[in-house]
Amino acid sequence: MPPVANKATYRFTFGPWNISTGADPFGPPVRKEVAFAAKVREYKKLGFDGVQFHDDDVVPPDQIDADPPTLARNAAKVKKLLDGEGLFCEFVAPRLWEHGKTIDGAFTSNSAAERKYAIERGKRAIDIANAVGCKDIVLWLAREGTYVREAKDPLASAQRILDAVNALLDYDKGIRILGEMKPNEPMDQAYLPTPGHFLALCYRAAEPSRCGVLIESAHSILAGLDPSDDMAYALWHQKLWSVHLNDQNGLKYDQDKVFGSVDLRRAFNQVWVLERGGFDGCVGLDVKAMRTTRPGDQTKHLANSLEMFKRLLDVARAVDAAKIEEYRSERDYEGLEMYVLGKLMGR
């Protein structure tokens with residue numbers, strides 16, 4: 001991979017869900033909920049530039065199915081808040097996995113009425129995105145899969161996801177669709193479980209140029225893949241439009257740990273690929289505070305992840321590309337490994 005001519009200027013984002021109460025499937029909240037406006041005011045203080053949203057982060061969940069004027073009024077309030085803080089909206093994602101009509105999936109539900117609801121909700125997410133000045137729509141296909149493999153027709157399910165993507169592309173010719181793939185959780189097995197699967201679907205879409213991917217570190221790790229390889233492959237396709245950086249301790253539930261906290265070298269390779277591959281999307285940090293974190297420290301995981309990215313970026317930029325090529329040409333991979341480890345150890 002050739003080095004880029006100029007050092008990239010990165011823009012950093014996170015979602016309001018990353019400042020949380022610490023609840024998990026085995027225990028209730030341990031910290032008080034922070035008001036939405038207070039969360040937004042933390043962004044610039046922490047060194048972030050933009051906000052990631054679910055549709056019901058912009059519009060209250062109890063009004064998400066309301067009429068267009070109600071959606072517009074709510075979105076206008078959030079846009080005013082963002083403008084006042086000097087922030088932008090990176091993307092809007094329809095939160096399809098929590099609604100009662102999507103318990104059997106959304107786009108792949110066996111119910112035609114529920115599939116129709118999912119597409120209509122996606123269209124409302126586009127309206128919300130337009131109202132807050134955003135053109136990127138992220139689809140995390142959380143419940144597009146099965147607990148029992150025979151429960152759905154897998155061929156029909158792939159087509160239904162494509163039909164939904166095409167319906168959204170047709171609804172607004174100015175938006176882009178970003179698939180955020182994950183192999184499991186909450187479903188036992190997901191359809192289109194990796195970025196590569198969604199990239200294949202992109203080329204079947206009505207307008208492939210408006211379909212790409214958002215890659216999350218933990219999701220690639222859950223699939224047994226190296227996130228930097230997934231990112232490099234998507235960059236090769238010129239379809240890596242956003243990333244969610246975090247870390248993951250093995251093949252288990254999605255942990256969203258501080259970036260670089262588990263595997264520093266794996267984190268370095270992600271930064272190195274983004275830097276040398278000319279990535280020009282937003283660097284999103286999707287990380288959770290530990291359940292044991294005190295309320296006063298509940299943004300440290302975000303600050304720490306941002307610091308880790310910037311430190312690893314310094315390391316990546318200090319790597320001598322000519323030296324790397326020398327090691328490669330000699331097939332001195334032992335020497336190459338120690339060179340990289342030395343850089344990571346500050347030598």
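These legends describe close-up views of the nonpolar cores and pockets of a predicted model. Local features need pLDDT of at least 70 and side-chain atom pairs pLDDT 80 or more, while totals for chains, interfaces and linings use all residues. Residues are numbered from 1 along each chain as its sequence is written, and side-chain values use heavy atoms, without hydrogens or water.

**View 1. The largest nonpolar core has 84 residues.** A nonpolar core is a set of buried Ala, Val, Leu, Ile, Met, Phe, Trp, Tyr and Cys residues joined through side-chain atoms within 4.5 Å; buried means under 20% relative accessible area (1.4 Å probe, protein chains only). Phe48, Val165, Ile177, Phe198, Leu240, Phe268 and Phe309 touch the most other members.

**View 2. Surroundings of Leu240.** Beyond neighbours within four places in sequence, Leu240 is in contact (heavy atoms within 4.5 Å) with Val213, Ile215, Met231, Ala234, Leu235, Leu274 and Phe279.

**View 3. A second, separate core of six residues.** Its members include Val138, Leu178, Leu214 and Trp241.

**View 4. The largest pocket is lined by 46 residues.** A pocket is an open set of points on a 1 Å grid over the protein atoms alone, where a 1.4 Å probe fits, with protein on both sides within 12 Å along at least five of seven lines; lining residues have an atom within 4 Å of a point. Ala23, Asp254, Gln255, Asp256 and Lys288 lie nearest the centre. H10 supplies the largest share of the lining, three residues.

Definitions and conventions:
Buried means under 20% relative accessible area, exposed over 50%, partly exposed in between (1.4 Å probe, protein chains only). Helices (H or I, at least four residues) and strands (E, at least two) are DSSP runs, numbered from the N terminus.
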